[in-house]
Number of protein chains: 2
Amino acid sequence: MITPEIEKLLLGKNFASFATLMNDGSPHVAPTWIDYDGHYVLINTAADRIKEKNVRHDKRIALSIPNESNPYEMVTIRGIVDEITEENADMHIDKLAKRYLGLDKYPFRSPTEKRIIIKIRPVKVFHQKPPS
Amino acid sequence: MITPEIEKLLLGKNFASFATLMNDGSPHVAPTWIDYDGHYVLINTAADRIKEKNVRHDKRIALSIPNESNPYEMVTIRGIVDEITEENADMHIDKLAKRYLGLDKYPFRSPTEKRIIIKIRPVKVFHQKPPS
């Protein structure tokens, strides 16, 4: 389902839009960094944010990831949150800071925040290739 | 609710991520051009696409619009679709082609497609300003 071309988008410096469901079932969407571990699509967020609350309440999510260098190429993913974990989340956000910002340490952390990784299993994947 | 700074984002060359609800209540998200008429946020799409089907079934939507020239500034909007209309939709997509592509006519139209405008009433608006 995740072809090498899609994997390249997920591992590039591209922002994802992450759609989740509010308690009342209405949609919420916010931009986020993204990663892929060969099996799960990964989102790293601070605990207790709306993203986490929403996926704890309803595991159904959607993502769209346009290619930063060509917005007419994109992948959309509908999927299910299989796991939410603190394990390696601090290391992981620093890895993403390196990719997205070129920094060794994630610079936006507040002293009290706890990072978590949201692990998403892709269910439907659509790749819109750039017009050739 | 829509401050002049937010209006600037809505009228810029920025892509929106448009989240809607599938028939089963799960979220869907896709990138789209965007416009604002001083009252409604406007999305122009071809009739019968998934976006239209979803908003005809459930009027609750969400948008996120990052500033193309600074992805750490963005606005997120949760809203309600008040109207779906064909009126002026052909003229409107050409106007957006001018803004986003610099072309007088929208170049991607298929001969049979019918354009529609989805009019969104903002309900919750959040503006994340760029770190100063």
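## Helices across the sheet of chain B

In chain B, helix α2(B) lies across β1, β2, β4, β5, β6 and β7 (115-128), and α2(B) runs at about 50° to β1(B). A further helix, α3 (residues 89-101) of chain B, lies across β3, β4, β6 and β7 of that chain, running at about 55° to β7(B). These descriptions, like the others in this report, refer to a predicted model.

The strands named here belong to an open sheet of seven strands in chain B, arranged in the order β2-β1-β5-β6-β7-β4-β3 with antiparallel pairing. At the edges of this sheet stand β2 and β3 (35-36) of chain B, each of which pairs on one side only. Within the sheet, β5(B) and β6(B) run antiparallel and are joined by eight bridges; Ser64(B), for example, has Thr76(B) in β6(B) as its bridge partner.

## How the two chains meet

Chain B can be laid on chain A with an RMSD of 0.0 Å by a turn of 180° and a shift of 0.0 Å along the axis, which is the relation of a two-fold axis. Because 100% of the interface residues of chain B are also interface residues in chain A, the copies meet through the same surface.

Across this interface, 22 residues of chain B are in contact with 22 residues of chain A. On the side of chain B that touches chain A, β1 (16-21), β2 (27-32), β5 (60-67) and β6 (70-85) of chain B each supply at least two residues, and the largest share, six residues, comes from β5(B). By residue type, this side of chain B divides into 13 nonpolar, seven polar and two charged residues.

## Helix α3 of chain A and positive phi values

Helix α3 (residues 89-101) of chain A has 13 residues and reaches 17 Å from its first C-alpha to its last, which is close to the 18 Å expected at 1.5 Å a residue. Just after α3(A), Gly102(A) takes a positive phi of about 70°. The loop between β6 (70-85) and α3 of chain A contains Asn88(A), whose phi is near 65°, a positive value in a residue other than glycine. Asn88(A) is exposed, with 12 other C-beta atoms within 10 Å.

Most residues other than glycine have a negative phi. In chain B, Asp48(B) has a phi near 75°, a positive value in a residue other than glycine, and lies in the loop between β4 (41-46) and α2 (50-57) of chain B. Asp48(B) counts as exposed, with 11 C-beta neighbours inside 10 Å.

Definitions and conventions: Residues numbered from 1 in each chain as written. Chains lettered and ligands numbered in written order. Predicted model: local features only at pLDDT ≥ 70, side-chain atom pairs only at ≥ 80, totals over all residues. Least-squares fit on C-alpha atoms with pLDDT ≥ 70 in both. Contact = placed C-beta atoms within 7 Å. Helix = DSSP H or I, 4+ residues; strand = E, 2+ residues; numbered from the N terminus. Expected span 1.5 Å × (residues − 1). Nonpolar A, V, L, I, M, F, W, Y, C, P; charged D, E, K, R; others polar. Buried ≥ 20, exposed ≤ 12 C-beta atoms within 10 Å, placed from the backbone. Pairing = 2+ DSSP bridges. Axes fitted to C-alpha atoms, helices over the stretch in contact; angles between N-to-C directions.
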